[in-house]
Amino acid sequence: MFISFEGIEGSGKGTVLRAVCGRLAEQGVDFLSTREPGGSDLGAPLRALLLDARQSIVPRAELFLYLADRAQHVAQVIRPALAAGRPVLSDRYADSTIVYQGYGRGLNVPELFRLNESAVDGLWPELTFLLDIEPEIGLERARRRNAELGLSVTEGRFEAEAMSFHRTIRRGYLDWAAEHHERFRVIDGSRPPEDVFREVWDILSPRFS
């Protein structure tokens, strides 16, 4: 079982993923929680490059760095876990690149789908949760979190983008989710975290019973 969590900055996907992992651990489920970028040995230095606010990266270079991270992540981390029968939960996956580099950066979306299909060797999540939130709320959350954790520079490159960019990303996610409605579940991320978790867990729990 492969499940991904998507959303704009500050949508709360990391928070709900941690809550899901906590519940699975309570139930004794042997699972893998991972993230993109940075979920593999190769991905860690790539994450540092991609999220550093001091870096100026052109869209196509950004794209191929993400693809490299993803190809290694799938081969080194995700496929082995799935082959061992472990459910995999990922904070971001290929949908992020299609939305951010496609809708956000203006690259060709069908081309991005083909490139990601190659990078993941055909492996897509069976279920993707999209936590939807107004960009103004999400960005304020994300910037406050980064400031509290001292990450505004080292992991703040996307938070530094203009509000118009984040609005475009939100619309892109909703359009992409509607196009792939059989896999996506859109969740209102503006509610209290416990309410968001409850809705996500109601969808997930039958798969672990």
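This is a predicted model: local features need pLDDT of at least 70, side-chain atom pairs count only at pLDDT 80 or more; totals for chains, interfaces and linings use all residues.

A residue counts as buried when its relative accessible area is under 20%. Asp69 belongs to helix α3. Its relative accessibility is 0%, so Asp69 is classed as buried. Leaving aside residues up to four places away in sequence, Asp69 touches Glu36, Pro37, Gly38, Gly39, Ser40, Gly43 and Leu46. One of these, Pro37, is 32 residues from Asp69 in sequence, while the two C-alpha atoms are 6.3 Å apart in space.

For α3 (residues 59-83) and α4 (residues 94-104), the angle is about 175° and the axes are 11 Å apart. Angles over 145 degrees count as roughly antiparallel, and α3 and α4 are therefore roughly antiparallel to each other. On the α3 side, the contact is made by Pro59, Glu62, Leu63, Tyr66 and Arg70; on the α4 side, by Ala94, Thr97 and Gln101. Sorted by class, this contact has 4 nonpolar, 2 polar and 2 charged residues.

Helix α4 also takes part in the lining of the largest pocket, where α1 (13-26), β2 (32-35), α2 (43-51), α4, α6 (135-149) and α8 (193-204) each supply at least two residues. The space in this pocket is about 910 Å³. Its lining has 40 residues, and Gly10, Lys13, Gly14, Asp91 and Arg145 are those nearest the centre. By class, the lining divides into 14 nonpolar, 12 polar and 14 charged residues.

Methods. Residues are numbered from 1 along each chain as its sequence is written. Side-chain values use heavy atoms; hydrogens and water are left out. Axes are lines fitted to C-alpha atoms, for helices over the stretch in contact, and angles run from 0 to 180 degrees between N-to-C directions. Helices (H or I, at least four residues) and strands (E, at least two) are DSSP runs, numbered from the N terminus. Angles under 35 degrees count as roughly parallel, over 145 as roughly antiparallel, 65 to 115 as roughly perpendicular and the rest as oblique. Contact means heavy atoms within 4.5 Å. Ala, Val, Leu, Ile, Met, Phe, Trp, Tyr, Cys and Pro count as nonpolar, Asp, Glu, Lys and Arg as charged, and the others, Gly among them, as polar. On a 1 Å grid over the protein atoms alone, a cavity is a set of points where a 1.4 Å probe fits but cannot get out, and a pocket is an open set with protein on both sides within 12 Å along at least five of seven lines; lining residues have an atom within 4 Å of a point. Grid points are joined across faces, edges and corners, and a volume is the space filled by probe spheres set on the points. Buried means under 20% relative accessible area, exposed over 50%, partly exposed in between (1.4 Å probe, protein chains only).
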